[in-house]
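Please review the following briefing on a single protein model. The points are grouped by topic.

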Amino acid sequence: MGVKAGYKQTDVGDIPEQWAVKALGEIANLYQPTTISANLFTEDGYPVYGANGVVGQFHSFNHDSWQVTVTCRGSTCGTVNRTVEKCWITGNAMVVNADHSRDVDKAFLYFLLLGSDLTRCITGTGQPQIVRAPLSAIRLAIPPPPEQRAIAEALSDVDALLSGLDRLIAKKRDLKQAAMQQLLTGQTRLPGFRGDWEVKRLGDLGMIYGGLTGKSKEDFGSGENFYVTFMGVMSNVVISRNDLDRVRVSSLESQNNVESGDLLFNGSSESPEEVAMCSLVTFDLPNLYLNSFCFGFRPKAAASFNGLFLTYLMRSGSGREMVKSLAQGSTRYNLSKGAMLNTLLRLPSEEEQTAIAQVLSDMDAELAALETRREKTRQLKQGMMQVLLTGRTRLV
C-alpha cells in the first residue's frame, strides 16, 4: 500500500510532506533542577513539583512562567506535566524547554510529549528512571510553527473545557455535601414539612444477614449466579447490575439471597471511616448473593422508612461518625453487627425522608451527567491528539 498523496514515509510513520522529524534534543533544552530538602518547605510559599505533583511549598521560586516537565523517577516515571507560573521544580522531574530560536511552540511541545510514549525512555533495573540521553534522542514529527500553534490552540480549548468541568463538578460535590449535612440532620427543612423527628433503633427497622459462606477462590468469576462485589458496595449509593460478578453456588447450599429494598454494608475496612458504607438494592434478580466481607440489612414489613434516605444518612458525615465509633481493630477495622443494630437514628416522617432522598438523588444524577460529559470530553481530546499530532487531520 503506497503513501497517501501529500504525505511522506518516515521512521515515525507517514506524515505530511511539510513536516519534519527531529530528535527532542534538537528542538528543546533538557535539564534537571536541584532537589529541595523537605525540611526547607514552608507553609505559605510557592508550589514545589516533584515526582507525584505538588509535594510542598518553598519561600522562593526558580521559574516565573509555566514549564513542561517529565517525571524522571518513581512509579509515575514518564508522566508529562505542565506547571503553574512561579514554582519550584525538584530533581525528580526533567524540565523540557522549547527553543523558540528553533521555531518550537511551548504549548505544542507539551501536547506533543503528552501524546508520546515516554516509558520507552525508562532505564535501570531498580527504581524506574529517565535520564537525559534517551529522552533527548526520541524522534518526533514536527509541523511548521503556524500549524504547531493551531494544534496547540485547539487542544488548549479542550483542556479549558475539561478544567471548567472539573471546577463545576467540584462545586456540585461541595453543594451536595452541604445539602446532606443540612437535610439529613434537620438543620434545614424542605418546604411543607414540620414536626419533630423520631429516634428509632436500627434493629427495630429490620434484620441483618450475612454474605456468602464456604466459598473458595475458584468459585468466583464464573458460574450461573451473580453476587454484589465488595467495591460495588463501597463505591455506590445505589447498586447497579454493572456492580455484579459471577459466582458458583449449588442448589444444595444454604446461602442468603439479596432482594430489592435491601441495604448492603461492608463489614470491614482499612480505616474506621470507611466501615459500613451503605448501598441500596433497587432491582430483583433471582439467586443474587452478597460477597463474604459484607452484610445485608432487610427492612421489616411494617417498618416505615425510605431505604434511599437511610443510605444517604449512613454515607453522610454524621453517619460516618456514628459507625466510626463502633469500628474495632488496629490495622483492619471490623464492625459488630449487634452494636450496629443498637444504633439510634433520628428520622423524619417517611414522606419527608422520601422528599430528602429525591433531592439528593437528583443532585447525584446531575453529578453523574457532568462526569459522563467530562469523560466524553477526555475521549474527544485523546482522539484529537491522535489525528492532529500525526498530521492525519490538518488545521492549516
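Of the contacts in the protein that link residues at least 6 apart in sequence, 72% join residues at least 24 apart, where contact means heavy atoms within 4.5 Å. The model is predicted: local features need pLDDT of at least 70, side-chain atom pairs count only at pLDDT 80 or more, and totals for chains, interfaces and linings use all residues. Residues are numbered from 1 along each chain as its sequence is written, and side-chain values use heavy atoms, with hydrogens and water left out.

**Overall architecture**

- The protein contains 10 helices and 25 strands, defined as DSSP runs numbered from the N terminus (helices: H or I, at least four residues; strands: E, at least two).
- The protein is more spread out than a compact globule, because its radius of gyration of 28 Å is well over the 21 Å that the globule rule gives for 396 residues. The radius is taken over C-alpha atoms, and the rule is 2.2 Å times the number of residues to the power 0.38.
- Along the principal axes, the C-alpha atoms fill a box of roughly 80 × 55 × 45 Å.

- Buried residues account for 43% of the 396 residues; buried means under 20% relative accessible area, exposed over 50%, and partly exposed in between (1.4 Å probe, protein chains only).

- Helix 2 (residues 106-114) is largely enclosed by the rest of the structure, because 8 of its 9 residues are buried. Among them are Lys106, Phe108, Tyr110 and Phe111.
- At the start of helix 2, a side-chain oxygen of Asp105 comes within 3.1 Å of the backbone nitrogen of Ala107.
- Ser116 lies in the loop between helix 2 and strand 11 (122-123) and is buried, with a relative accessible area of 18%. The side chain of Ser116 reaches the backbone oxygen of Leu112 at 2.7 Å.

- Met314, in helix 7 (residues 307-315), is buried at 1% relative accessibility.
- Beyond its neighbours within four places in sequence, Met314 is in contact with residues including Phe265, Cys278, Val323 and Met340.
- Met314 and Arg120 are 194 residues apart in sequence, and their C-alpha atoms are 47 Å apart.
- Ser316 lies in the loop between helix 7 and helix 8 (317-324) and is buried, with a relative accessible area of 3%.
- A polar atom of the Ser316 side chain lies 2.6 Å from the backbone oxygen of Leu313. Leaving aside neighbours within four places in sequence, Ser316 is in contact with Met180 and Leu184.

**Helix 10**

- Val387 is found in helix 10 (residues 350-388) and counts as partly exposed at 25% relative accessibility.
- Not counting residues up to four places away in sequence, Val387 touches Arg392 and Thr393.
- The C-alpha atoms of Val387 and Trp88 are separated by 34 Å, the two residues being 299 apart along the chain.

How values were computed:
A polar contact is a pair of N or O atoms within 3.5 Å; within protein, one must be able to donate a hydrogen and the other to accept it, and residues adjacent in sequence count only if both atoms are side-chain atoms.
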